[in-house]
Amino acid sequence: MENTYDVIIAGASNAGAMAACAAAEKGAKVLLIDKQGSSRFLFRSFFAALDSNAQRRAGIKVDKAKLMNFLTLFFQDNVDERLLWTWANHADETANWLEDNILKPNGGVLRPQKDAHYETVVNTAFNTELAIATPDNGWAHYGDWVIDKVKELGVTLKYNTKLEELVTDDSGAVTGVITSDRESGEKTEYKANKGVIICTGGYGANVELMKKWDPLGYKKNVYSDGPRDDGSGILAGLKVGAARDEEPAEIIFDRGAVPVGTKAEDHYVIDFKDPGYFWMGAYPLLKVNLKGERFGNESVPYQFDINAMAKQPGYLEAQIWSEDTMDHLAQFDTQGCSRLGWPGIYNTEENKEEIQRRIDDGLVKKADTIEELAEKLNLPKDNLVNSVKRYNEMCEKGVDTDFGKEKFRLFPVDKAPYYGVIMGGRLLATLDGLRINTKMEVIDQNGDPIPHLYAAGNASGGFFWGSYPDRIPGLTCSHAQTFGRLAGQYAAEN
């Protein structure tokens with residue numbers, strides 16, 4: 001009986017750890033497995049909510065109906081609206097549980113952010129962000145706290161243990177899992193009396209699946225930041241009859257610096273150590289294609305920038321700025337992790353240090369003239385000169401008559417030295433997965449639940465489509481943790 005549990009969960013990150021806690025709180029005997037040796041650094045630092053206790057203390061309340069209508073419009077209704085509303089109706093209780101059970105006992109806080117300013121429809125923003133922080137506005141790396149809670153609740157946690165396949169009975173109900181040991185390869189079968197929950201993430205590190213399920217994503221992304229995301233949980237679900245999203249969904253950063261001359265179709269680097277990371281790429285500075293021509297409004301959600309870039313030759317873009325630009329980044333008023341200063345990634349001086357590191361490694365080019373910069377970036381000289389001249393004229397007038405960028409985000413490139421970098425997309429995660437219903441049950445092609453099989457987080461589908469709505473900061477983390485908790489509760493009550 002030592003290999004028999006009530007609930008078995010594959011994947012010990014945001015969704016899986018929350019599922020384990022929720023199932024254990026319901027009295028279930030729980031096994032939590034993960035194919036890697038640790039998951040402590042995977043817990044995301046921004047959580048979205050609408051009317052959590054932390055937001056109430058700060059006087060913030062997000063209009064639920066407005067947000068749901070925006071998401072429906074953003075996704076063009078290519079999602080299951082019932083899942084959107086399920087998240088909206090349960091995100092606050094998850095945030096409150098996280099604050100009361102994980103953060104407060106360890107000195108952490110949920111810090112609401114109030115910067116949801118926007119002026120154009122394309123940048124519609126919502127005050128959903130809760131930064132998971134320390135009282136002195138530092139980063140609360142709370143993964144260890146979550147894992148400690150998992151163990152405190154009596155969950156059996158096994159690392160270096162990979163889900164290989166699901167076990168079913170004659171009726172098609174899931175009865176357990178077969179796992180493999182990462183080091184020895186030894187396989188073990190575990191029985192689940194109540195349910196199995198797949199929380200294994202997406203498939204961005206599986207090149208074959210990217211080419212098959214998200215071929216354009218494979219071309220426009222030059223880096224993938226999730227080496228764990230091999231799609232194994234999704235594949236296991238498909239083998240027992242699960243349905244999956246038929247169109248890709250993804251969260252992409254416009255922060256992937258590559259060497260001049262890179263061919264994007266041949267450059268897909270999978271590495272959690274962040275090679276080529278270029279945070280300032282998320283700023284709405286002047287961007288041109290490989291012909292040196294401006295091709296759109298840079299002041300859009302960061303994945304929209306990559307989508308527009310993917311319609312240009314070579315699936316890459318160049319960002320152009322001047323020394324003066326780096327002393328005025330605050331005026332661009334970016335949100336989420338790209339914001340200047342806490343809880344963003346860096347301040348002005350740290351940004352300049354990063355630029356120098358990228359100059360040293362050859363990714364960022366510096367020049368005394370635009371002509372020289374064009375040569376260093378291998379861009380057509382006349383085209384880049386004309387693009388910069390045109391852009392500067394509009395900055396001086398304060399009106400972008402070409403693409404409609406807001407006045408406060410227009411900043412000229414008119415003082416040497418000049419800088420430039422070639423960039424592509426940086427895949428944070430794929431977001432399409434196994435189809436589920438509002439009880440987190442995995443469903444088949446007929447929409448019927450596969451008995452005793454659940455999914456949450458990026459391995460689950462139906463919630464996202466196409467691009468990620470980054471003006472609802474914290475949504476992926478909240479989606480994973482909220483649906484993870486629900487999956488744990490429903491499985492334990494099965």
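This is a predicted model: local features need pLDDT of at least 70, side-chain atom pairs count only at pLDDT 80 or more; totals for chains, interfaces and linings use all residues.
Visitor: Which backbone oxygen does the side chain of Gln319 reach?
Guide: That of Met280, at 3.2 Å. Residues are numbered from 1 along each chain as its sequence is written, and side-chain values use heavy atoms, with hydrogens and water left out.

Visitor: Is Gln319 buried or exposed?
Guide: Gln319 counts as buried because its relative accessibility is 0%. Buried means under 20% relative accessible area, exposed over 50%, partly exposed in between (1.4 Å probe, protein chains only).

Visitor: And which strand is Gln319 in?
Guide: Strand β14, residues 317-322. Strands are DSSP runs of E, at least two residues; helices are H or I, at least four; numbering starts from the N terminus.

Visitor: New topic. What is the order of the open sheet of three strands?
Guide: β3-β5-β4, with antiparallel pairing. Strands pair if DSSP finds at least two bridges between them. The edge strands are β3 (46-48) and β4 (109-112).

Visitor: How many bridges join β3 to β5?
Guide: Three. Phe47 has Leu130 in β5 as its bridge partner.

Visitor: Which helix lies across β3, β4 and β5?
Guide: Helix α4, residues 81-103, at about 140° to β3. Axes are lines fitted to C-alpha atoms, for helices over the stretch in contact (heavy atoms within 4.5 Å). Angles run from 0 to 180 degrees between N-to-C directions.

Methods. A polar contact is a pair of N or O atoms within 3.5 Å; within protein, one must be able to donate a hydrogen and the other to accept it, and residues adjacent in sequence count only if both atoms are side-chain atoms.
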